[in-house]
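Please read these points with the sequence and the structure open.

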Amino acid sequence: MRTPIAAVVTIVLVLSACAQPEPTTDARNVVLITVDALRADSVSWAGASFDTTPNLAALAADAVVFDQALTSFPGTTASMPSLMTGLFPSFEGVGEWNSFTYHGFNEFETAEEAERPALSGNLRMLAEILAERGMTTVGFNTNPNLTAPRNFNQGFMEYEDFAAYMKSARESRRHPLEAAYPPADVVMAKAVPALRAVAGEPFFMWIHLMEPHSPYLPPDDHARVSPRTFTGLGDLEINGALYHFLQRQWGASPEKITHPSLDELGISRAALTEHLLGLYEGEIHFCDAELGRFVETMRELGLLNDTLFILTADHGEEFFDHGYVTHHFKSGLAEELIRIPLLIRPPGGLPGGRRVEQLVRMVDIAPTVLDFVGHRAAAAQMEGATLRPLMDGRSEEPRTAFFSTIPYQIVRTERWKYRLERPSDPSGETTQRLFDIVADPMETDDLAARHPEIVAELRTRYEEFARSLADRTASPGDGEPGPTAPHQIDEETRRQLEALGYVE
């Protein structure tokens with residue numbers, strides 16, 4: 001007995017509809033948390049040595065976790081503008097890294113802007129777009145690279161960068177590595193009341209926390225929560241040894257190295273690494289506790305039902321994985337530097353949560369926000385693409401990540417990492433390398449000679465990407481990088497950057 005074709009079609013359509021995941025709902029509010037220097041593998045749900053982030057893990061239980069999220073740059077200066085614009089930073093044609101070129105968006109600048117070490121007003125920032133949509137925009141920044149004088153406050157109606165706190169803390173500190181940034185509890189003392197104040201209206205709140213950025217100095221009640229082995233030396237001494245390596249890494253001459261060596265402290269590099277990782281994880285644990293306070297306030301105010309909550313990092317961090325420390329260009333943007341955690345909780349949550357293994361990029365975050373607030377036209381103007389289909393369990397074509405830096409041009413797919421290395425000497429030859437990231441995540445086996453066809457394909461992709469960078473702006477600028485003479489930053493900013501290990 002045959003079933004009528006129409007009935008079969010009906011049954012198939014019904015079953016198909018039942019199999020489709022429920023789409024996530026739109027958002028009234030957006031909370032974006034960025035945690036500085038948070039490695040992808042340092043959170044509870046991604047292989048940390050212990051439960052470093054219990055509060056965030058609880059949130060992840062009904063959120064979407066992206067297992068292969070990549071930043072746009074291995075440093076705050078260019079990654080955070082990328083996050084807020086949905087655009088890739090570009091160092092094409094830039095010959096020198098300095099305070100005029102560090103942000104990676106020089107081609108947007110007018111001639112006047114090129115004379116200042118700040119972001120161009122021609123960049124359309126996420127806060128600007130959301131403010132135009134009628135949302136109250138509030139920002140809390142703790143990184144000296146993202147201050148209002150550097151024009152990172154574009155679009156924020158209220159912008160706190162803790163300048164008064166930092167000045168007072170530095171004046172009272174007893175050691176040059178103390179008071180490098182306002183800790184998370186100081187930030188939350190302002191962010192939580194601000195959350196209560198805006199709860200009755202649509203809002204966008206961005207909070208940038210500096211834990212676990214170096215120097216790694218968690219509060220006493222978090223300093224030894226990690227199960228790692230500590231040396232018995234003081235935490236300031238251990239951070240001093242870290243900064244000894246940092247000063248050497250940045251090329252300081254021996255007479256300018258002001259911190260003790262391992263020999264002077266009488267410890268091994270392995271012992272130093274274990275102690276540093278323990279402090280790093282202690283800072284993450286402290287950060288998570290303060291974020292737990294913030295999320296609990298959201299829950300108390302009933303905001304979790306209509307808020308898109310995003311947690312991510314600006315970049316990763318190295319602990320001698322490839323022979324270096326913190327974040328840098330030395331190892332060709334190794335995975336520990338570019339992989340970041342990404343947790344997105346849609347309004348009301350996603351029962352049971354979801355993990356996405358597909359590669360996603362930092363430039364995809366801003367379009368995702370705009371998708372959730374119903375401003376898809378603005379999202380379409382960005383170089384990233386919304387993550388909402390992946391959040392809803394739909395399949396999509398694989399994405400490709402690109403990295404434009406002065407020494408490297410990099411293409412990263414889900415399996416392959418192609419790296420074109422530019423010589424420091426302009427007359428030298430470039431080098432092409434290829435790594436199978438799935439089989440060789442530490443990038444020890446260069447496969448370029450064995451897979452010339454893949455090298456050719458990925459190089460072509462990068463060349464197409466570079467052409468798109470050259471064509472993407474019609475700004476008043478002439479497309480040339482700003483001045484390359486060293487800019488004399490003010491003494492206050494210099495001290496802030498030096499305490500963070502940025503000043504050579």
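Predicted model: local features only at pLDDT ≥ 70, side-chain atom pairs only at ≥ 80, totals over all residues.

1. Residues are numbered from 1 along each chain as its sequence is written, and side-chain values use heavy atoms, with hydrogens and water left out.

2. Strand β1 covers residues 29–35, and seven of its seven residues are buried (under 20% relative accessible area, with exposed over 50% and partly exposed in between, for a 1.4 Å probe and protein chains only). Helices (H or I, at least four residues) and strands (E, at least two) are DSSP runs, numbered from the N terminus. In a regular strand the side chains alternate between the two faces of the sheet. In β1, N29, V31, I33 and V35 lie on one side and V30, L32 and T34 on the other, with both faces covered.

3. Which strands pair with β1? Strand β6 (residues 307–313) pairs with β1 in the parallel sense over seven bridges; pairing requires that DSSP finds at least two bridges between two strands. In this pair, L32 stands opposite I310. Strand β5 (residues 203–209) also runs parallel to β1, over six bridges, and here V31 stands opposite M205.

4. Strand β14 (residues 416–421) is mostly covered too, with six of its six residues buried. W416, Y418 and L420 point one way, whereas K417, R419 and E421 point the other way. The buried set thus has charged residues in it, K417, R419 and E421 (Asp, Glu, Lys and Arg count as charged; Ala, Val, Leu, Ile, Met, Phe, Trp, Tyr, Cys and Pro as nonpolar; the others, Gly among them, as polar).

5. β14 has antiparallel partners. Strand β13 (residues 408–412) pairs with β14 over five bridges, and I410 stands opposite R419. Three residues lie between β13 and β14, which form a hairpin. Strand β15 (residues 431–436) pairs with β14 over six bridges in the antiparallel sense, with Y418 opposite L434.

6. How are helices α6 and α9 placed relative to each other? Helix α6 (residues 184–198) and helix α9 (residues 269–300) pack at about 10°, their axes 10 Å apart, and are therefore roughly parallel (an angle under 35 degrees). The contact (heavy atoms within 4.5 Å) includes M188, V192 and L195 of α6 and F286, L291 and F294 of α9. By class, it has 10 nonpolar, one polar and five charged residues.

Note on methods: Axes fitted to C-alpha atoms, helices over the stretch in contact; angles between N-to-C directions. Parallel < 35°, antiparallel > 145°, perpendicular 65-115°, else oblique.
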